[in-house]
Amino acid sequence: MTTPLSVRALRGFLCLAFLGLGACGQKEAPPPDAATIAALRPADPRLAEIYAASCLACHTMADSGAPLTGDGEQWKPRLNKGMSVLLKNVVEGVNGMPAGGQCFACTPEDYTALILFMSQPPR
Amino acid sequence: MMVSRRSLFLGMAGVAAVAGAGGWAASRVGVQPEPPAPPGQDEAGRLLWRNWSGIQTAYPAQRAAPGSEGELAALVRTAPGPLRAVGSGHSFMPLVPTPGTLVTLDRMTGLISHDKATSTAVAWGGTRLADLGAALAGIGQEMPNLPDINKQSLAGATATGTHGTGATLPALHGNITALRLVTGRGDILDCDVARNAELFQAARLGLGAFGIVTQVTLQNSPLKRVERNVWLQPLEQTLADWPRLHQAHRNIEFYYLPFTDMTAVITHDETDEPATVRPPAQDNEALLDLKKLRDWLGWSPALRRRVARQVMSGLEPERVVDESWRLLSNERPVRFNEMEFHLPLEAQVGALQEVIAAIEGQRNDVFFPIEARIVAPDDAWLSPFQGRMTGSIAVHAYYKDQYDFLYQLVEPIMRRHGGRPHWGKLNSLKRADFAALYPRFNDAAELRRQMDPEGRFLNDYLRGVFADA
Ligand SMILES: Cc1cc2nc3c(=O)[nH]c(=O)nc-3n(C[C@H](O)[C@H](O)[C@H](O)COP(=O)(O)OP(=O)(O)OC[C@H]3O[C@@H](n4cnc5c(N)ncnc54)[C@H](O)[C@@H]3O)c2cc1C
C-alpha cells in the first residue's frame, strides 16, 4: 500500500533533498516543549495510526535516547546522512533503534514519510 | 542531598579512565562495531524483519495488519503460512520468524470495556503496555505487576509469560480472566474458566501457537501511587536479607553489578504521599559507565572491583513517588540479549551465587547487571511459574558482545537448580525438556494439534517445541 505524502512531508522532503544548500532558508527553531512533542501527529490518518502505535512510545520520550519528534536539531545530523542511510538504519536497526522501528507492516514509503514527519519542527 | 545513580557512575567512569592506562593492551577501549546486519531485502525483494535485539530475522512473504476479528479470521484461512503474530518483536527466541505471513494487531488496540466494581477491563490484544497503563489510569485501574519495559503488546507479552516482580503478584497472564482468539481453522472462540476451559489454560500463555489472541480480560487493581526506592548495598547483605525484603515490599528486585560485589535494590510500595518529580532516567548512563569500567579495567578484575567500590561508597538512595504504571517500567535504549530462568524460590540464592562465581571466574567481558526477581504462582499449563513460588535470575549480554556464555556457563547452572526458561528469552531446551518440566505439556501439545491440525501457526522453532511424537 502506498502512502500519500502530506504537503508538510513533501516540503520536508524538498528541504532534505537540498540540505546543506540553504534551500529551506529558515532560522533554527527552538526545540518544542514536551507537551507540544507529545501532541504532534501526522496529518494523514493512516500514518497517524502507525505513528501512535509504533513511533510515539520512544520518539516522544527523552529517556529513550531517540531523536524527538519535531526537534529539528536532534534530527539534523541524522538527516545529513541521507534518506537511504536512515531507511537502512530503520529496517536493520542501529544503536538503540530496534529494526523496523516497531512497525511490522510498514513499507519503505511509510518509514520515509514517518521520518519526514518526525524530523520537521512543528509549524 | 540525594545523590543520583548518574553521579555515582559518572564518577566511577572518571576514575576508570585514569586507572585504565595500565591495561590498554588488554582492554576493549575503542568503538565496537555494529554486529553485521542481514540484507534489508532478500532476493525476492521481501523486507527484513528482525527482533529487538537483532538476532532473529525473517523475510515474510506477506505482512498483514487486520483491523477486525473478521478480517483476521479470513486471513488465517487464506494467507500463506505459517502465520506468526508479532507484538513488539521483543522476544529473543525465534517465536516470530516466518517465511509466510507476519500478522500485527497494531490496528486492534485500546480499551474495549471495563467494570469499575470488579476492577476488570477488556483490551485489544495489540495494545502496547505503555498505552494500556495510561488508558487504565484513565478509568482508575492499574496492572500491579509490570515488566521492566512497557513497549510489548498485551497479547505478545502474555504469550511468553512476561512478568514483573513481587511475592504476591503473579505474572501478567496470571491476571487474565478471559480471552478471545482466532484458531488455526479461522474460528473465533471465547475462553475462560467456564467456556473452552482447557484452551483458556493453554492459550493464556500460548506462544501464539493456539491461536491469535484478539481480546484479553484483565483482573486489575484500583489505581495506586507507589513510592520507589533504589539503593546500593553489598551482595552479601542483600542475599542474607532477601527473604525479609521480598516479604516487606509490594514489588522488589535487585541487580547484581558484576565485578563490584554490590547490588542495586529497587522497591515499590503503595503510598498516599503526593507524587514527586521523576528525575531523568539514569540507568542508561550507569550502564554505559559499567561498560566503560569493563572496557578499561576488564583485564584486571581486582582493580575493576576496587575502583567500583571506591566510587560507590557513601551514596544516598533515590526516592520517587508516582502512579505505579509510570514507575514500574523503564526505557532501555541500550540493546542486549538475555537469558532468564525461573527457579523454585528456595533455589534462587544458591543458583545466583553459582552464576556470579562462574561469570566472574571466566567472563571478564560481562558488565550488564544480573537481575533477580520474585513471581507468585499461577496455573496456566505452560506457565514457568506453575505451581511454585518462583525466584527468577536474568543474565544479559550487550548486543554487540558475544552471548554464547549464556548457554555454556549460565544455562547448565539454572537447569541443575530446576529452572524453567522464560519462553521469550534465550534457552536451548527441546520438546522432551519441556515435557519433563510441565506436567500438562503433552495435553497442551495435543490441544494445539486439535486447534490447528494443519500447523498454520507453526514455524520451525515451534514445530520443534510441539512436534507431534
Ligand atoms: C528490553 C526488554 C525488556 C524485557 N523485560 C522483560 C521483563 O521485565 N519481564 C519479562 O518477563 N520479560 C521481559 N522481556 C521479554 C518480553 O516481555 C517478552 O519476550 C514478550 O513476549 C515480548 O512481547 P512482544 O509484544 O514484543 O511480543 P513478540 O516478541 O513480538 O511475540 C512474542 C510471542 O507472542 C506471540 N504473539 C504476539 N501477538 C500475539 C497475539 N495477538 N496472539 C497470540 N500470540 C501473539 C508471538 O507469536 C510470539 O510467540 C523483555 C524484553 C526486552 C527486549
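## The ligand and its polar contacts

A polar backbone atom of Gly89(B) lies 2.8 Å from an oxygen atom of the ligand, and a polar backbone atom of Ala85(B) is 2.7 Å from an oxygen atom of the ligand; a polar contact here is a pair of N or O atoms within 3.5 Å. From the side chain of Arg373(B), a polar atom comes to 2.7 Å from an oxygen atom of the ligand. On its own the ligand has 970 Å² of accessible area, and the protein covers 98% of this, with accessible areas taken from the Shrake-Rupley method with a 1.4 Å probe.

## Basis of the model

This is a predicted model, in which local features need pLDDT of at least 70 and side-chain atom pairs count only at pLDDT 80 or more, while totals for chains, interfaces and linings use all residues. Residues are numbered from 1 along each chain as its sequence is written, chains are lettered from A and ligands numbered from 1 in the order in which they are written, and side-chain values use heavy atoms, with hydrogens and water left out.

## The shell around the ligand

The ligand is surrounded by 35 residues, the closest being Ala85(B), Asp148(B), Thr160(B), Val213(B) and Arg373(B), where a residue is counted if one of its heavy atoms lies within 4 Å of the ligand. By class, this shell holds 16 nonpolar, 15 polar and four charged residues; Ala, Val, Leu, Ile, Met, Phe, Trp, Tyr, Cys and Pro count as nonpolar, Asp, Glu, Lys and Arg as charged, and the others, Gly among them, as polar. The largest share of the shell, four residues, is given by α4(B).

## Val122 of chain B

Val122(B) belongs to strand β7, residues 120-124 of chain B. Val122(B) counts as buried because its relative accessibility is 16%, the limit for buried being under 20% relative accessible area, with a 1.4 Å probe and protein chains only. Apart from neighbours within four places in sequence, Val122(B) is in contact (heavy atoms within 4.5 Å) with Leu111(B), Ile112(B), Ser113(B), Gln215(B), Val216(B) and Thr217(B). Arg244(B) is 122 residues from Val122(B) along the chain, and their C-alpha atoms are separated by 36 Å.

## Chain A

Chain A has six helices and zero strands, helices being DSSP runs of H or I with at least four residues and strands runs of E with at least two. Of its 123 residues, 46% are buried. The accessible surface of chain A comes to about 6000 Å², and 64% of that surface belongs to carbon and sulfur atoms. Among contacts in chain A between residues at least 6 apart in sequence, 61% join residues at least 24 apart.

Methods: Buried means under 20% relative accessible area, exposed over 50%, partly exposed in between (1.4 Å probe, protein chains only). A polar contact is a pair of N or O atoms within 3.5 Å; within protein, one must be able to donate a hydrogen and the other to accept it, and residues adjacent in sequence count only if both atoms are side-chain atoms.
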